[in-house]
Amino acid sequence: MPGLLKGGIRLNPRTQPDLERLKAEMKAHAREIGIDLVGVAPAEPFLRERELLEERAVRGHGPSPYEHPVIAERVYPEQWLPGVKAIIACGISYYHPDAPLPPNDQRALRGWLSRYCRGRDYHQILKARIEQLAAWLESRAPGHRHLAYVDTGPPLERAVAERAGIGKFGKHTNLITREYGTWVFLGELLTTLPLPPDEPQPPACGSCTLCIDACPTQALTEWRLDANRCLSYITQMKGIIPPEHREAMGNRLFGCDDCQDVCPYNRRARSSPHPEFAPSPELGWGEPDLLKLMAMTKGDFRRWFLPTAAGWRGKTTIQRNALIALGNSGDPSALPALAEALQSVSAVLRAHAAWALGRLARLSPAVREDARAALTRHAARETDPAVLLEVNAALESLGADE
Ligand code: B12
Ligand code: SF4
Ligand code: SF4
């Protein structure tokens, strides 16, 4: 029995004009509830993507630990929702321009948070809105099934969004949209309602290679990313950061935006209308005070980071990255915090404090003797072999530079 649309429109799944009209109304409603971009993709298997994922696994560039591990489960929408007829791709914009720091904050040693984790965590916000959209669809066309995903499910969200026409792939592998550039979060609603699909957009980029040239770790080749080299991945990994990536991290605390910052499509990107993604003042408007982070309590961490997308890897991950940033700062005032972190109960923090002391002293010869003394004292009492290795490497690097 066909459902009845409000306003007296009878919905017959075989009648295209009704479904076109429902789609237009659905898009208007999505914008009303704070979803900026909506497109509809056919629910056919993602066979091109299957080949790309297989080829990527052979190259050793993925899968990264943050994605669904089984390729065959990522490419057949029918496995996610039996009877699926369409995928509604959703995008929500998050770009807020950098605010000038208040004058009394300008002298602090600062870290840097990627734009996607400066405000509230998008996962819950976007998922709740997509579920609201599902409820609206159910009220308009009862009897259909829906399933929402944001980030953590099997769908390849950029490929879904590309197929639904809300953007196109850039060579940096991010989805570029006309209105908001790359600064959009993605999610989707699978539905058994046979909504008519939208048209994909023409390809981007031409002969441009700005993002590839700007990548600090050479993680990019055209349309391909080596996740193991990407600083977004590296800043989020647990444990010891491979030494060859520590200098390139600069003052990054979580994520990396370099390939997006240089992309010409982002020059005319509109700012986000959503205040929930505005940078949090408690996190220094995206550039937190590093010394404050080193003194952060568990309670501070819960209040400052857990509401954002930078909280899920825990306090030690943020403080480890802050130690690397302090070392890379070359600022002598970082020395006491680094020496203190050598006494931390966390072996990961002690290891990175040792590296950071070596790095700081190489950049700032004025603190060389104090750094060397702190490292030498610590070498005598360190019991963890991995940390001792870092302490000795730091001492050696100071000796070699003399
Ligand atoms: C795992 C993951 C990561 C990993 C690995 C990413 C990777 N590319 O392998 C790491 C931690 C590195 C990462 C980083 C980032 N991520 Co991420 N990530 C994911 C996640 C969970 C899975 C991605 C995945 O499966 N990748 C596998 C690769 C092969 O697929 P792909 O990224 O879609 O790549 C496609 C292109 O390479 C394309 N392609 C390949 N060859 C060719 C050739 C041509 C000609 C063309 C046109 C296309 C093309 O096809 C591939 C398959 O679709 C998704 C959410 C999801 N479920 O999809 C978010 C997601 C992709 N990430 C997102 C974001 C915001 C980021 C960062 C910007 C965060 C940051 N600022 O630090 C960076 C961007 C780094 C970059 N340059 O890509 C957004 C993307 C938004 C957008 N506008 O594109 C997503 C969709 C999360 C979300 N729900 O919003 N991410
Ligand atoms: S996010 Fe940073 S490290 Fe990763 S590909 Fe882009 S520029 Fe390179
Ligand atoms: S920077 Fe240039 S090559 Fe890279 S995605 Fe943007 S337009 Fe394409």
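**Domain contact and an open sheet**

In this model, 29 residues of domain 1 are in contact with 34 residues of domain 2, contact meaning that C-beta atoms, placed from the backbone, lie within 7 Å. The model is predicted: local features need pLDDT of at least 70, side-chain atom pairs count only at pLDDT 80 or more, and totals for chains, interfaces and linings use all residues. Residues are numbered from 1 along each chain as its sequence is written, while chains are lettered from A and ligands numbered from 1 in the order in which they are written.

Domain 1 comprises 16-96 + 117-191 and domain 2 comprises 210-401; these bounds come from an automatic or database domain assignment. Taken over C-alpha atoms, their centres are separated by 32 Å.

I turn now to the sheet. Its 4 strands follow the order S1-S2-S7-S4, with antiparallel pairing, and the sheet is open. Strands here are DSSP runs of E, at least two residues, and helices are runs of H or I, at least four, numbered from the N terminus; two strands pair if DSSP finds at least two bridges between them. Strand S1 (37-42) and strand S4 (146-149) each have a single partner strand, so one side of each lacks a neighbour in the sheet.

What joins S2 to strand S7? The two run antiparallel and are joined by 8 bridges, S7 spanning residues 184-191. Gly91 stands opposite Leu186 in S7. Helix H4 packs on this sheet, where H4 touches S2, S4 and S7. The direction of H4 makes about 35° with that of S7, axes being lines fitted to C-alpha atoms, for helices over the stretch in contact, with angles from 0 to 180 degrees between N-to-C directions.

Definitions and conventions. Two residues are in contact if their C-beta atoms, placed from the backbone, lie within 7 Å.
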